[in-house]
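Here are some friendly notes to read alongside the model. Take a look at the structure first, then work through the points one by one.

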Amino acid sequence: MRLPRNTRYAVAASAALAVTLTACSGSGSGSSASTGTWDKDATVNIGSLYEPQNLDNTAGGGQGVTEALNGNVYEGLFRLTDDGKVENLLAKDYKASADGLTYTFTLRDGVTFHSGKKLTSADVKYSLEKVLADDSQSARKSNLEVVKDIATPDEHTVKVTLSKKSISFVYNLSYVWIINSQAKNLKTDEDGTGPYTLDKWTRGSALSLNRYAGYWGDQAANKKVVLHYFKDATALNNALLTNAVDVVTSEQSPDALDQFKSNQNYKVTDGDSTTKLLLAFNDKAKPFTDVKVRQAVSAAIDDKKLLESVWGGYGKLIGSMVPPTDPWYEDLTQVNAHDVAKAKKLLAEAGYAKGFSFTLDTPNYDPHPTAATFIKSQLAQVGITVKINTITPDEWYTKVYKNRDFTATLQEHVNDRDLVWYGNPDFYWGYDNKQVTQWVEQAEEASTTAEQTALLKKVNRRTAEDAASDWLYLYPQIVVASSKLSGYPLNGLNSQFYAYDIKKKG
Amino acid sequence: MGRYLLRRLAFLLVSLALASVVLFVLLRLLPGDPANALTSVGASPQQIAAARHSIGSDRPLPEQFTHWLGQLASGDLGTSFVSSLPVGPEVAARLNVTVPLTLAAFVLAVVIAVPVGFVAAHRRHTWYGALLSGISQLGMAVPVFWLGMILIAVFALNAGWLPSGGFPQDGWSAPADAIRSLVLPVVTIALVMSASLIRYVRSAALEVLGSDYLRTARALGASFPAAMARHGLRNASVPVISVLGIELASTLLGAVVVESVFALPGLGSLLATGIAQHDYPVVQGVLFVSTLAVLLIGFVADLAQRIVDPRLRGRLSGGAR
């Protein structure tokens, strides 16, 4: 079981400051279009481990509510595509003022909510204010706090004034659902503008969506979507094997994959996730205050072998906090690459020729214990003794995250564009580099995305060279689907799972 | 009998009150902070404090406890910290799965265990009597999740006769589907439960078989089945009934494993999620309802014993238990 994506214990850090409009990314979006015909009235059954807590993403709905409703039932002014690009959605167009402080959005015509009411600028204002409200638990709240004023000069126009420049503003808006300002009971009901309406949510079991006939855009390629929720990965795989579900949004047990790979009734895809497994040093605690020690540890660990043992042939090596779907990705795997001789040399230079010993706080769920044992044996080769301290997610949150009472820890960080946390010297890992902080701030206040990208690439390289943390690997995003299915998202960026393009052969 | 009922009812209420104190306090002793589940990483101390305030976990424990009791008194199980949805309807919805599951498994287990137990006792010197005892012994050692997985592999994955798990989204409004999805979990629980029941039935039956009254009845010309039906069953059922009560109660609470293997949205899975998230109202609600159920089962089992065995009425009605 992979608890953390489901709970807040994982550093589900919102990718604060950074970002962009014109992301450039290589990987394709969606699986290849179906050849031949498909059933336009099909019901698509989706299996997932992430059930929503409630249906309101500003009231702690969790990862599951994003997966089920984002883009399917609710839409933002902008959409984040599966390969990390930001596109216009309910916003037909927008203009930013020369000083970058005022954004004027023009809304698309002919959009109606599922209740039948027309979309107006008042709904946009209401939705933004809902995210910014005192009781909001939205993960994007802190990113959007630059919003100073929201004006609605007419029904189709929204004018937002910022307190300071924020080039990520438009990207962040892709996470803000536009909700009917008169809607009620959003924890158990909905009123969005998306291609599906909520049919029924049976807690603990399933959530179903129906195609919305009044949708402003292209109609969904299927008639009904049912998300079936499982707590146990084996039960989920069984459901796939018995055709109770057509697709599993995120396969968490590599051992189970062989039975699908060898069966031509299924397709297994290996997408890019944004989840990084980190050996996070406390950069403020000895001996990790010394950059050479951090570099030595990074170089002593053979990430490739670790990835192989945990995920078989899946997943990717990364040399920094940046996954390939972030616009400022660069292959930095050669920085502090595996090199035992170099590790020993660096340790000697740092005054630890005989090694040292440290405690590694290790969350008690997979893959952390495996990774910790592996790291322990790797570091033993350069004379470093690792004491593994296994803790619960809750303890991790309190001891490591809140109290910073640790020397080194393992943790997965799930979000896209979260490199910018290295610009915050108060973040739990204590990386404090004035230059990096400045670059991150400048990047957010950049005038063009090219400028932003250039600055964040510098941050990327500098943190990698400083071995601010050791980025062990990028998780795979494995989707297993019936071979009758096509058009489903492959990367599942930030847990999104757009269902409207899914085609099912009869 | 009337006095006994009153006494028993008072005992039930006192137990419930004690249990509610214990579970309230124990929950608070667990390490961890419910506010963790409510705030995202990067939350400021103010936000965490606000989260605590919003769910009331910053208030003194006695105050929280009396608040909870007040809600309980008005039939309200409170509001989930995490989902901010009411706990009562959620528990009720889960009971719609767990209660039929447990009762069906219980009935099936009794149907299996009573005849098998008697045969195992009566024919204990034959090869099949010994075999039955042996199988039941073995059955007690089988972990319920393992048996569940085997049944899934055979009847769902290979044969494709039954679903491997899940419960229809429409619940009991699709009765055929609901029943189909409960077949394998019911059989799983029933098999494991009957294994231990067989042992109890067998030893109760052995005692009866060796009793003077049965020998007397046979000597007076009653056939074995007639003697058993008239005297034996009734006597053997007294110890078995109390075991049945315990079995039923522990199945109700232990269904969580089976619910997980078969992905059933029952009470057990609600409890497991609640614990993981420090969602006190949910955990309290589930445990309170389960405690109530267990006490009621004990009450009914007691009553049943008294009805079956008149001697108990005289002996116990005056005594405090």
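1. Start with Glu190(A), which sits in the chain A loop joining α3 (169-173) to β8 (196-202). Helices (H or I, at least four residues) and strands (E, at least two) are DSSP runs, numbered from the N terminus. Please remember that this is a predicted model, where local features need pLDDT of at least 70 and side-chain atom pairs count only at pLDDT 80 or more, while totals for chains, interfaces and linings use all residues. Residues are numbered from 1 along each chain as its sequence is written, chains are lettered from A and ligands numbered from 1 in the order in which they are written, and side-chain values use heavy atoms, leaving out hydrogens and water.

2. Glu190(A) is buried but has no salt bridge. Buried means under 20% relative accessible area (1.4 Å probe, protein chains only), and a salt bridge needs a side-chain nitrogen of Lys or Arg within 4 Å of a carboxyl oxygen of Asp or Glu. Lys130(A), the nearest side chain of opposite charge, is 12 Å away.

3. Now chain B: an unreviewed UniProt entry annotates "transmembrane region" at several spans, including 142-162 and 282-304. Residues 142-162 of chain B are 71% helix, while residues 282-304 of chain B are 100% helix.

How values were computed
Buried means under 20% relative accessible area, exposed over 50%, partly exposed in between (1.4 Å probe, protein chains only). Lys and Arg count as positive and Asp and Glu as negative; His and the chain ends are not counted. UniProt positions are given in the numbering used here, feature names are shortened, and annotations may be inferred rather than shown by experiment.
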